[in-house]
Amino acid sequence: MTLPLAVQGQTLQECQQAAERNYPLIRQYGLIEQTTALTVENIGKAWLPQVTATAQATYQSDVPAWPDQMQTVYQQLGLNMKGLRKDQYRVGIDVSQTVYDGGMISSQKEIAREQGKVQAAQNDVTLYSVRKRVNEMYFALLMLDKQIELNKDLQELLGGNERKLQSMVKGGTAAESDWMNVKVERLNAAQKGESLESQKRMLQNVLSAFCGIEVRNVTKPAASSVATARSNASERPEMQLFNAQLSLADAQEKALDAALKPRLGVFAQGYYGYPGYNMFEDMMSHKWSLNGMVGARLTWNIGALYTRKNDKAKIQMQRDITETNRETFIFNNNLEQIQQSEEIRRYRKLMEQDEEIITLRQSVRKAAESKLSHGIIDVNDLVREINQENAARLQLSMHETEMLKQIYDYKYTTND
């Protein structure tokens, strides 16, 4: 398998950091930042002059015209008053410049920034969950290492007794079936060892691919102490997400206030076409002309009042949902801390008992070896004692690994 990096990640922290760097979602941080910057920049361009080019051609059913009496008078004076044509044309440009917007552009910029923070916080939450997946694989690999180590010890112990029985068979003090019985147990243990090695290689490959580094061996982390007082989970990235969502709601509410304020702008309009602004001249001469206008415009859209109450209620509901999610998260987080703390205490107590059981099992096994040498017990009794001692050692290693996992799960729960 080809890996991006040929680095040996041995400690839990190294694997966690490598997995976060390797996780595809990490690239979204740059994309979120760039998208937010572009959005804010586009919103800010609303302060630039807005230019609109227009072209228009119309045909009207009726147009302003001179009364018949006046046309008669003008004709007597030798003037041909044609009146306006029903087909009219114009090609022009409108330019407008915002002078005061009531804070709407600033509010929209703030909303865009807060939305970017929410997206980044959601990314943080997803990336933080990567640590737990690394923990699961890391401690599973640690457990396999211990099982392989104990399996080798068992094979060595059975091999020693096998050689001893082989000598006793040659000396005529033991039956060949006893030697064969122990040899079968050693071969069974060897098969189990091969299976454990295969599981280890598979898990190493999975963890290596997940972290983007080559994980050859794992190091047992320190059994650091865990605080008995429960944390309020304030360091968890989920809390930052809730804060970002509340800040976004505040920015949206400020935008509602800005929507109620008037807007002031200046404008300039110009067009070339027919008719122009001089209506009387255009009635006499059907020629295209240049026309222009400049001015200031004050607008106040009170339509925002119609939906303001409902809009504010919707924003408050978003806050309530966020606060409920925060309270639910803290509640569940506290429950996890209680469960994990109790599990840690339980495993510590079990390990104390395991140590005593191993000591006793070791003494019983040694006594069984001595009894077998004197012909007091048969080989089945010895094999049973060897297996029971190995089971006791395996149980201790399982309890120790489970305790370590609970400790680091607790650290994950509290982001310690």
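Biologist: Where does Asn415 lie in the chain, and why is Asn415 called partly exposed?

Modeller: In this predicted model, Asn415 is placed in the segment after helix H9 (379-414). The relative accessible area of Asn415 is 23%, and buried would require under 20% while exposed would require over 50%, so Asn415 counts as partly exposed.

Biologist: What makes the phi of Asn415 worth a remark?

Modeller: Asn415 has a positive phi of about 55 degrees, although Asn415 is not a glycine. Most residues other than glycine have a negative phi.

Biologist: What kind of peptide bond joins Tyr274 and Pro275, and how do you know?

Modeller: The bond between Tyr274 and Pro275 is cis, with omega at about 0 degrees. Most peptide bonds are trans. Pro275 itself belongs to the loop that runs between strand S3 (263-274) and helix H7 (279-284).

Biologist: Why are helices H2 and H4 called roughly antiparallel?

Modeller: Two packed helices are described by the angle between their axes and by the distance between those axes. For H2 (residues 28-44) and H4 (residues 104-171), the axes come within 9 Å and cross at roughly 175 degrees. Angles over 145 degrees count as roughly antiparallel, and therefore H2 and H4 are given that description.

Biologist: Which residues of H2 and H4 meet, and how do the residues of this contact divide?

Modeller: On the side of H2, the residues include Gln28, Tyr29, Ile32 and Thr36, and those they and their neighbours meet in H4 include Ala112, Gly116, Ala120 and Asn123. The residues of the contact divide into 8 nonpolar, 8 polar and 3 charged.

Biologist: Is Asn123 buried or exposed, and what does Asn123 touch?

Modeller: Asn123, which has its place in helix H4, shows a relative accessible area of 3%; since buried means under 20%, Asn123 is therefore buried. Leaving aside residues up to four places away in sequence, Asn123 touches Leu25, Gln28 and Tyr29.

Biologist: How does the radius of gyration of the chain stand against that of a compact globule?

Modeller: The chain has a radius of gyration of 42 Å, whereas a compact globule of 416 residues would have one near 22 Å. Along the principal axes, the C-alpha atoms fill a box of roughly 155 × 45 × 35 Å.

Biologist: How many helices and strands does the chain contain, and what share of its residues is buried?

Modeller: The chain contains 9 helices and 4 strands, and 36% of its 416 residues are buried.

Terms used: Residues are numbered from 1 along each chain as its sequence is written. This is a predicted model: local features need pLDDT of at least 70, side-chain atom pairs count only at pLDDT 80 or more; totals for chains, interfaces and linings use all residues. Side-chain values use heavy atoms; hydrogens and water are left out. Axes are lines fitted to C-alpha atoms, for helices over the stretch in contact, and angles run from 0 to 180 degrees between N-to-C directions. Helices (H or I, at least four residues) and strands (E, at least two) are DSSP runs, numbered from the N terminus. Angles under 35 degrees count as roughly parallel, over 145 as roughly antiparallel, 65 to 115 as roughly perpendicular and the rest as oblique. Contact means heavy atoms within 4.5 Å. Ala, Val, Leu, Ile, Met, Phe, Trp, Tyr, Cys and Pro count as nonpolar, Asp, Glu, Lys and Arg as charged, and the others, Gly among them, as polar. Buried means under 20% relative accessible area, exposed over 50%, partly exposed in between (1.4 Å probe, protein chains only). The radius of gyration is taken over C-alpha atoms; the globule rule is 2.2 Å times the number of residues to the power 0.38.
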